[in-house]
Amino acid sequence: MQNIVRYFSISTLALLLFMGCEVSDFDLQENPNYLTPDSADPEYMLNEVQYLFQHYMKWMIVNTDDVMRYEAMTDTYGDVVPTSVMDGDTSKEWDTYYEALNNVRTIEALAEDDETLLFHSGIAKLLMGYMTVTMVDYLGAIPYSQAVNNAEYPNPELDGGAELYQMVLGDIDEAITQIQEANFDFSTDLFYQSDKDKWIAFANSLKLRMLVQARLASTNIGIVDIQAEINALLSQNLIDSGEEDFQWSYSTVQEPESRHLYFQRAYVSGFDQYIGNYFMYQLKESKNNPDPRIRYYLYRQSNEDPFSGPPYLPCQGDPDVDYCYIGDQYWGYDHGESRVGRGDNLLRTVYGVYPGGGSFDEDQFVGAPSTTDNLGGAGILPLLTSSYVSFLRAEAALTLGTNDDPVTLLETGIRNSMSKVMAFGGVTSDLQPTAADVDAYVDEVIQDYSNATTDEARLDIVMKEYYLAAYGNSIESYNFYRRTGYPSDMQVPIDDDNPVFPRSFPLSRLEVQRNLSLEQKNNYDKVFWDTNPDSFIK
C-alpha cells in the first residue's frame, strides 16, 4: 500500500510541477497549484512534501558532485558555479524549496486546530528545516519570513543565514515535542514508517550536524558555549545504527520516473559524465589496503587499456595532469580536464551498485546500458547516516573538546559505512571483500591516526574518511571542505594552480529578475559560518 500511495503522489506531483512551471515558475508568487488549508488533505500534502524534499536534495547533491571531485569537473569553477546574473541559475531547486515551504506552512496551520496532525506537523518542520539549512549552506541569505505571501509581500526580502539557523534549531525542538505528544501516525511516511524514535534520532542528529557546521560562528546563532550544547546532545537519541539512517529509497519504476538519478545517467543511454580520478585514486591507490567499497561504488564498463589504443586519453603524456589514468581499467578524468567528447561513453567507469542501484563490479566489463545484472535504479539517497554522525562527533571532539573519543568514532564511522555499503543490494560474489579486508583497511587508518602528531593532522584523516563515506551525498563534503579545509590533498584544477573555489552558489536567476528586493551574489561570497580565509581551499 505504501508504494501505491508513493507512486500516485509522484505522478500527481509531476503534473502539478509541470503545470506550475508553465504558469509562473513558482516565483514566490501566489500559485494556483499551491494547496491551501481549505483544499488540503494533510496526509497527501505531507507525502508530497517528502517527495519534494528528496527532489531538492538530489539536485543539490548533483550540483556539487563535480566540485567535490566525485565526478570530474570538465570545466572551470566559474562555469560550474556561475557568478553573473545572466548565468547563475538554481531555479528548479529554488522553486521546489518554496513550493515545499508553502505546503509545510499549510500543514502547520492545520495542526494548530487539530491534535491528530501533531506528527504531521513535526515531520514537516524537520524536513523544512533540513531544506532551509541546505539553502543557507549553499546560497547564504534567502527570502523566508515574507516568502510565498505575494498579497502582503510582492518582493519578499532576505532573511540572514544565522537567523535562519536559529529559527531551525527552535523548530527542531518544537518538532521533537510534537512527535513525542502525537497520538496519531502519518500512515504514508516514506522515510521511517511513523517510527517516533527514529524521527527523534534524526531530529537530534540534524541539530548536532547544524551545531558542528556553525561551530566557527556559534555566537552568531545565539550559542555561547557550543561545547556544552553538543555535550548535552551526546546523551540524547542520535542516529547510531544503519536501521536509523535517514535516506530516501528509489525503485525500478520508469513511468513516472522513480529510479536513482545516477542510474538514469549511467545505465539508460550511456554515461556522459566522468568519475573523478582523484576520488578513484583515493579508493584504489592511496593506502596499502584498497578500499573494500570500490567494487560497490564504481563499475568498469570495459577491460581495454586506454593507453594501448584508440580512443587514447588526451591527457597521456601531459605533465600538467596529476593522474590521467589510475590503471586496472578505471577510466576517469582529472579535476578541471576540459578535453572531453572522445566517444568513450561505453568504456569509462560509471556509478556502481551503491548508492545508485547499478551493478556490482565483478569484472564483467560490459557496457552499463547493456548489462541486466543491476538493481534497475533501486538505489538510495543517503542523507544523514550513522557513519556521518560518527564523523561529525569525531570532528567536534577534536576541534571543541567534547566528551567523545575521536579515534573510537573514526573507527565506528568507517565500519558503519563499510557495513552499509557491503550489505546493499544483496550482492553475492566471490569478489566481495572479506571481514579481513575491512579490518586491514581500518587498522591502516587507525595506525595513520596514531602516528599523527597534531589534532589538525588527525582531523585531516577523519575528514578523508568522511569524504569517502559520503559518496552519493556531496552536500556533506562540500560543507566540511569549506568548514575544515580537509581533505588537505584535494586535487587542484589541473589548468589553474590558484582557482577561486565557489564558497556559495548564486540565487535563482529568474527570481533575481522578478524580485526587486534581490541582488545577485558572487560565488566567492561566504555563508555566515564560513569564517576561513579567502583562498584556503582550491
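Biologist: Start with serine 194. Is it buried or exposed?

Modeller: Serine 194 counts as buried, because its relative accessibility is 11% and the cut-off for buried is under 20%. Bear in mind that this is a predicted model. Serine 194 sits in the loop between H6 and H7. Its phi is positive, about 65°, although serine 194 is not a glycine. Most residues other than glycine have a negative phi.

Glutamine 193 belongs to this loop as well, between helix H6 (161-181) and helix H7 (196-213). Glutamine 193 also has a positive phi, about 50°, without being a glycine. Glutamine 193 is partly exposed, with a relative accessible area of 49%.

Next, the cysteines. The structure holds one disulfide. The bond links cysteine 315 and cysteine 324, with an S to S distance of 2.0 Å. The link is right-handed, with 80° about the S-S bond. Cysteine 315 is buried, at 2% relative accessibility. Cysteine 324 is buried too, at 5%.

Two peptide bonds deserve a check, given that most peptide bonds are trans. The bond joining glutamate 255 and proline 256 is cis, with omega about -5°. Proline 256 lies in the loop between strand S3 (246-249) and H9. The bond from tyrosine 354 to proline 355 is also cis, with omega near -5°. Proline 355 is placed in the loop between strand S5 (350-351) and strand S6 (380-384).

A search of the whole structure finds three cavities of 30 Å³ or more. The largest cavity holds about 60 Å³. Its lining is made up of Lys58, Ile61, Val62, Tyr250, His260, Leu261, Tyr262, Leu381 and Gly472. Helix H2 (42-65) and helix H9 (261-267) are the elements that give two or more residues to this lining. H2 provides the largest share, three residues.

Last, another buried serine. Serine 417 is found in helix H13 (residues 406-422). Its relative accessible area is 4%, so serine 417 is buried. The side chains of serine 417 and arginine 293 form a polar contact of 2.8 Å. Leaving aside neighbours within four places in sequence, serine 417 is in contact with Arg293, Tyr297, Ser387 and Ala469.

Terms used:
Residues are numbered from 1 along each chain as its sequence is written. This is a predicted model: local features need pLDDT of at least 70, side-chain atom pairs count only at pLDDT 80 or more; totals for chains, interfaces and linings use all residues. Side-chain values use heavy atoms; hydrogens and water are left out. A disulfide is a pair of cysteine sulfur atoms within 2.5 Å. Buried means under 20% relative accessible area, exposed over 50%, partly exposed in between (1.4 Å probe, protein chains only). Helices (H or I, at least four residues) and strands (E, at least two) are DSSP runs, numbered from the N terminus. A polar contact is a pair of N or O atoms within 3.5 Å; within protein, one must be able to donate a hydrogen and the other to accept it, and residues adjacent in sequence count only if both atoms are side-chain atoms. Contact means heavy atoms within 4.5 Å. On a 1 Å grid over the protein atoms alone, a cavity is a set of points where a 1.4 Å probe fits but cannot get out, and a pocket is an open set with protein on both sides within 12 Å along at least five of seven lines; lining residues have an atom within 4 Å of a point. Grid points are joined across faces, edges and corners, and a volume is the space filled by probe spheres set on the points.
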